Amino acid sequence: MGEEPQGYDSGAITARALAAALRDLEQIGIGPEGVNRLAWTAEDAACRRWFESQAGRLGLDFARDPAGNLWACPRTPGPWWGLGSHLDSVRGGGRFDGPLGVVSGFAVAAAGNVPVAVISFADEEGARFNTPTFGSKALAGKLDLDVALRRSDEDGVTVAQAMRETGLDPEQIARAPEWISRLRGFVEVHIDQTTELARAGSPIGIVSSLASRMRIEAELRGAADHAGTTPPAERRDALAAAARLIIAAEEIAEPTDGMTVTCSRIVAEPNAPTTIASRVKLWIDARSRCSGELDSWLVALGAAAELIASRWRVEITLQTASRSAGSEFSAPLRAALARASEELTGRSAPELVCYAGHDAGVLAERVPAAMVLVRNAQGISHSPKEAVELEDAALAARVVDRALAQHLD
Ligand SMILES: [Zn+2]
């Protein structure tokens, strides 16, 4: 054996090793307002250099695929298990959302019990171009390239231009799916973005599935008129109707356990203090454990919209702007993780449904995939206040290591 890689302990996966790896990464893009590592920026490039140096220390081969995902691969023939997450952040994000999965991947690689490829996916957050899970979608062959590459940031820079500036050729992205054959499967360790594990008193949890999601765009058309002189019987107030629609959307969802509805954005016209609103656009985000519940909710919302439309004399259209059926994680991988967790902690780790999107959920459509969440006492994420105990994260990495090395041959 050569010199011990600084930080990681071969054979042992410790909080100290994770802390050492994070310390180097935390020289990049962290200020008083949190972490700023948007995709395809100078900070992103610095993260890439950090990733490459970690790979080098561990004797792994560094490579960047055509979508800009970073790989640190064993020198033994593949396919390997992939471990990782992402290094980009939202604006003013936290230290652990993403990096936790990457450093725990390197820690498992260093332990040497199972050959793993460590991956950092490009632009998971989509904070700059509204292109979330860009890299994993490209790898899974699920990225709409024409749409994604033309998206532009606040300065008018397109994704294609930003990628070119980092030395990638956007024309080559269509070849990214060729890389997925390197993987037997993929496991992502990620900070819990709720207090679910903290409330359960469990350091880690195993994600059974990602929730189904649906985004509805509602349009309400009434008539602009004088706020003072228009009698109630003659009003066609689109904003008053929108208020009822918001309440209906929430109330219909209320009896369904595990369903969340958020009326997240509203635009009213003419948006003038003394004019009845003639037109309102309303965006509604709905998530649930299974897509059938979302379908039932939408049917009921349609019926409620008809009643509101006739009562307030407005026209209401509901359009499904996007939907994702959610993803069920691999049963054999989950069973292996559950067994490893029981062996290491003497108790079973809770299974939970995750309501956010993640790279592992995208890959789950192509290869066996799983996620392990790490307890977050405050449940805060996408904020400088994001926090975990690295002891919990090291346990998550040890569970992954043991599951892959001992329970999945
Ligand atoms: Zn994340």
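# Reading a predicted fold: sheets, helices and cores

Trainee: Which residue stands opposite Trp71 in E6?

Mentor: Ile119 of strand E6 stands opposite Trp71. This is a predicted model: local features need pLDDT of at least 70, side-chain atom pairs count only at pLDDT 80 or more, and totals for chains, interfaces and linings use all residues. Residues are numbered from 1 along each chain as its sequence is written.

Trainee: How many bridges pair E4 and E6, and in which sense?

Mentor: Two strands pair if DSSP finds at least two bridges between them. Helices (H or I, at least four residues) and strands (E, at least two) are DSSP runs, numbered from the N terminus. E4 and strand E6 (residues 116-121) pair over 3 bridges, in the antiparallel sense. E4 also has strand E3 (residues 61-64) as an antiparallel partner, joined by 4 bridges. Within that pair, Asp61 stands opposite Cys73.

Trainee: What do E3 and E4 form, with how many residues between them?

Mentor: They form a hairpin, with 5 residues between the two strands. In its turn, Gly68 has a positive phi of about 90 degrees.

Trainee: Which residues of strand E4 point one way, and which the other way?

Mentor: In a regular strand the side chains alternate between the two faces of the sheet. In E4 (residues 70-73), Leu70 and Ala72 point one way, while Trp71 and Cys73 point the other way. All four are buried. A residue is buried if 20 or more other C-beta atoms, placed from the backbone, lie within 10 Å of its own; it is exposed at 12 or fewer, and partly exposed in between.

Trainee: What is the order of the open sheet of 4 strands?

Mentor: The order is E10-E11-E9-E12, with antiparallel pairing. Strand E10 (260-269) and strand E12 (315-324) are the edges, each pairing on one side only. On average, neighbouring strands of this sheet are turned by 15 degrees against each other, direction ignored. Leu220 stands opposite Ile316 in E12, and Arg221 stands opposite Glu315.

Trainee: Is E12 buried, or does it lie largely in the open?

Mentor: Count its buried residues. Of the 10 residues of E12, 1 is buried, so the strand lies largely in the open.

Trainee: Which strands does helix H8 lie across?

Mentor: H8 (residues 238-253) lies across E9, E10, strand E11 (279-288) and E12, at about 5 degrees to E11. Angles run from 0 to 180 degrees between N-to-C directions, with axes fitted to C-alpha atoms, for helices over the stretch in contact. Helix H9 (residues 291-312) lies across E9, E11 and E12, at about 165 degrees to E12.

Trainee: Why is H3 largely enclosed by the rest of the structure?

Mentor: 13 of the 13 residues of H3 are buried, so the helix is largely enclosed. Now its length. The expected span is 1.5 Å times one less than the number of residues. H3 (residues 99-111) reaches 18 Å from its first C-alpha to its last, close to the 18 Å expected. Just after H3, Gly112 takes a positive phi of about 75 degrees.

Trainee: How many of the residues of H12 are buried?

Mentor: 14 of its 17 residues are buried, leaving H12 mostly covered. H12 spans 24 Å, close to the 24 Å expected. Ala397 sits in this helix. Ala397 counts as buried because it has 30 C-beta neighbours inside 10 Å. Two residues are in contact if their C-beta atoms lie within 7 Å. Ala397 touches Ile13, Ser104, Ala107, Val108 and Val189, leaving out residues up to four places away in sequence. Ala397 and Leu100 are 297 residues apart in sequence, yet 9.5 Å apart in space, C-alpha to C-alpha.

Trainee: Which residues touch the most other members of the largest nonpolar core?

Mentor: A nonpolar core is a set of buried Ala, Val, Leu, Ile, Met, Phe, Trp, Tyr and Cys residues joined through C-beta atoms within 7 Å. The largest has 94 residues; Ala107, Val118, Leu337, Val372, Ala393, Ala396 and Val400 touch the most other members. Helix H12 (residues 390-406) gives the largest share, 10 residues. Apart from this core lies another, of 28 residues, including Met214 and Ile252.

Trainee: What share of the residues in the protein is buried?

Mentor: Buried residues make up 46% of the 409. The protein has 12 helices and 15 strands.
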